Amino acid sequence: MNTTIIKEGLDICIPGTAERRVSDMRLTGCFAVKPTDYVGIKPRLLVAEGDPVLAGTPLFEDKGNAAARFTSPVSGTVKAVVRGDKRALLSVVVEADNEQKSIQFSTSASTADKLRKTMIESGLWTMLRQRPFGIIPQADAKPKAVFISAFDSSPLPVDIPFMLDGREQDFQAGIDILHTIAGTVHLSLQGGKDNGFLEKVQNVEIHHFQGPHPAGLTGTQIARIDPINKGETVWTINAQDVATIGQLFNTGHYCPQRMVALCGPVVGNPQYYRTLSGASVAELTKQTTFKELHEPLSDFRLISGNVLSGTAIAKDGFISAECDKVSVIPEGNYYDFMGWLRPNFRKFSLSRTFLSGVLSKFKIQNSKLDFDTCKHGSDRPLFVTGEFEKLVPLDIYPMQLIKACIVGDIELMENLGIYEVEPEDLALCEFADTSKTEIQAIIRNGLEKIRKELGL
Amino acid sequence: MILRDFFDKLKPNFSKGGRFEKLSSTFEAFESFAFTPNTVTGGKVGAAYKGSHIRDAVDLKRTIITVVIALLPALLFGMWNIGHQTATYYGLDWGFWHQWWFGFLRMLPIIVVCYIVGLGIEFLFAEIRHEEVSEGFIGTGLIISMIVPVTVPLWQLALAVAFAVVIGKEVFGGSGYNFLNPALVARAFLFFSYPSHMSGDSVWVAAPFHFTGDVVTGATPLGLLSGGASIYNSQFTIHNLFIGTIPGSTCETSVIAILLGALLLLATGIASWRIMLSVVLGGGLMGLLFNAIGANEYMQVPFYYHFLMGGFAFGCVFMATDPVTAAQTNCGKWIYGFLIGAFAVLLRVLNPAYPEGMMLAILLMNCFSPLIDHCVVARNIKRRQKRWATAERRTA
């Protein structure tokens, strides 16, 4: 068994990782599907408020990509169509009727084309992501390979083999479908760990990765297994969604089951919850208590996804499409007196200008490090060099790529390897940057500029 | 907290629509000096935001203040050495504190002029551009005051600082966008505009206050060598050069004090060890090469003397390592540093018109660092394009 060791990167140890304990959520209340979770789609609404829907009923579709049909995760009635500025569709909210009736999809399909058709009709297709650009693939897209990561290395990591426990057959069926429609499937597991049934999955090439974050990101894994060249595309998909695909073809029912970890330093009992995609976060937070915040902290932030590249959601919001954890950290909207001068034991820093940073260099970890959303400084032009290289295990020059994105030089971006990254791959750079630059947004803008130029 | 309340009370006046709206950058500079701002990732609490929600605690203020702290040993030693040189050359019987106090009084106006002129221009540009005041000059200003002769006329210094900040930095967009080290731009401005006040033997030792007699001259080792003289059998023993009890620019003579600063910069990871090491390697190898040729007195100077004389150590630790103007790639840093060291020694030995080769070597390599990076990155690009071509052949 070959294990690829990743050297560059950083594990940020935030307290409050989910314990291996699962509660089943009742499928009541509201669920939402949000166009804003996807890159570059122009939604066309297919339902109106008050319409009855089944699980698998299309709610809206993408004007630019007929394969992107977004379906209701539950049966019930459309409760709200939420719009934002310029009437942009923000979300379609469905109130569940607690019966979870699904459209019966054809499972007899055997050819790749028929399988694709069923996936598109049921909304499963929207679970696929095509790199470069992180978009939903077209119906006839032929990727070089499919990459699945069953290894979460991000802060507050979830245990993906544990989350898939009990869905062995669905997962295998999902892999088989992907293998039929797309060819090679790569499954990356965490090395040196018991991955349960995942080690024995058929029809995939299994790889093992070990090392700090971003070892678990598909971007890192693709670069080591089979890097993306100009003109090539690969697909990625969340491991839980693979099981959902298999489940549909095993049962004929659309049921985007999702295990979600509610975790973070302020969560009273961090653990897993079994619910559906698009679940209301309020239902989740009702299940737990929150630790009392002390001065100067007064509020906390809910993040759908990990703290490095997730999406902030309102306390009455909904988890986003690819979410497998909701991270909760305190808001850091406080002033810090002479913050630039004090030695500081409790703030996490890679820089050894903080005593906490010095101690961690000597492997003395302070278990009471404070993590919050404070920016700890003001925005500046990119200034310090040499910070990023230690954090990016890709064969790219992060600083130069970021600058190419800022100036919007497409040829330079291509040459510097923009096709090999998604914003999340450079999330650690954004975390570490002394100048507080929003690097992920810059990378996304660069990618979007190229995508529009190519007319995708 | 009283100070916080004070700022909160004043803030509306300086915000948009307030009475002193035009001074908002100035207010922000003072407020963020006292308090690290309360901004959160994503702009404000409750904003829709996708990205990194947590940030490293370090910011540019912290980085710059670490550099300033690293400068302190050299600064404090330099103050004492100014008094010490005056006492030695003028035959005065001053105690330690008297010497230090004299140096402090001579340094104070230099530092004050640097900061008032430099920061004044920085604040002005920030207000005009509606930007925050960058802290970069806190380090630069102090460095300028430490690399000029103690006798520098203050009006010349003021002009040089203004030139460095405006032409060296602000016209390119401010801190972070400049391609030349602003402190060295100021030094070069003085050197080329007022050579008689910046070189020779009469500028390195300050006369005591109220002194009316003839100015005593004190040569620097570089001055002696470039004049063809020998530095042996003089006060310039290895010991003195290392400790720094010799005439020279205000605060760059003491190698040991500079090493203390270097230690802090390396321990905190603020300065690049690659650059520092490669500057020393480049200088050392060039020195050895000259030793091997040995055609004249200067070439025969043992190579390690170059580390101890003039601004080599100071430039290596505090100026070559400026991240904005240095090469940015790790491989580029090696090349950049090595060439600085090599050129510094080359200029010293072969061009007696420019006794201080370090300043020119760093400025020269500042100009070339983008090219070095370009070449380093080009290798990465070539590798990638080769991979693309192979993939294309495979599918074809």
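**View 1. Asp336(A) and its bridge partner Thr36(B), which lies in strand 1 of chain B.** In this predicted model, strand 20 of chain A and strand 1 (residues 35-36) of chain B run antiparallel and are joined by 2 bridges. The contact between the chains takes 66 residues from chain A and 52 residues from chain B. On the side of chain A that touches chain B, the elements giving two or more residues include strand 17 (300-304), strand 18 (311-313) and strand 20 (336-337), together with helix 8 (398-407) and helix 11 (439-454) of chain A. Helix 10 of chain A supplies the largest share of that side, with 4 residues, and the residues of the side as a whole divide into 28 nonpolar, 23 polar and 15 charged.

**View 2. An open sheet of 3 strands in chain A, with the order 4-6-7 and antiparallel pairing.** Strand 4 (43-45) and strand 7 (65-71) of chain A are the edge strands, each pairing on one side only, and neighbouring strands of the sheet are turned against each other by 30° on average when direction is ignored. Between strand 4 and strand 6 (residues 58-62) of chain A, the antiparallel pairing extends over 3 bridges; Leu45(A) has Phe60(A), in strand 6 of chain A, as its bridge partner. Strands of a sheet pair through backbone hydrogen bonds, in either the parallel or the antiparallel sense.

**View 3. The largest nonpolar core, with 236 residues.** The members that touch the most other members of this core are Val260(A), Val326(A), Val317(B) and Ile340(B). Helix 15 (residues 330-350) of chain B gives the most to the core, namely 12 residues. Because domain 1 (3-251) and domain 2 (375-454) of chain A both give residues to this core, the core lies between them. Around Val317(B), once residues up to four places away in sequence are set aside, the residues touched are Ile258(B), Gly261(B), Ala262(B), Leu265(B), Ala271(B) and Met276(B).

**View 4. Phe123(B), placed in helix 4 (residues 96-129) of chain B.** Phe123(B) is partly exposed, because 16 other C-beta atoms lie within 10 Å, a count that falls between the limit of 12 or fewer for an exposed residue and that of 20 or more for a buried one. Apart from neighbours within four places in sequence, Phe123(B) is in contact with Ser25(B), Thr26(B), Ala29(B) and Val133(B). Although Phe123(B) and Leu23(B) are 100 residues apart along the chain, their C-alpha atoms are separated by 9.1 Å.

How values were computed
Residues are numbered from 1 along each chain as its sequence is written. Chains are lettered from A and ligands numbered from 1 in the order in which they are written. This is a predicted model: local features need pLDDT of at least 70, side-chain atom pairs count only at pLDDT 80 or more; totals for chains, interfaces and linings use all residues. A nonpolar core is a set of buried Ala, Val, Leu, Ile, Met, Phe, Trp, Tyr and Cys residues joined through C-beta atoms within 7 Å. Domain bounds come from an automatic or database domain assignment. Two residues are in contact if their C-beta atoms, placed from the backbone, lie within 7 Å. Two strands pair if DSSP finds at least two bridges between them. Axes are lines fitted to C-alpha atoms, for helices over the stretch in contact, and angles run from 0 to 180 degrees between N-to-C directions. Ala, Val, Leu, Ile, Met, Phe, Trp, Tyr, Cys and Pro count as nonpolar, Asp, Glu, Lys and Arg as charged, and the others, Gly among them, as polar.
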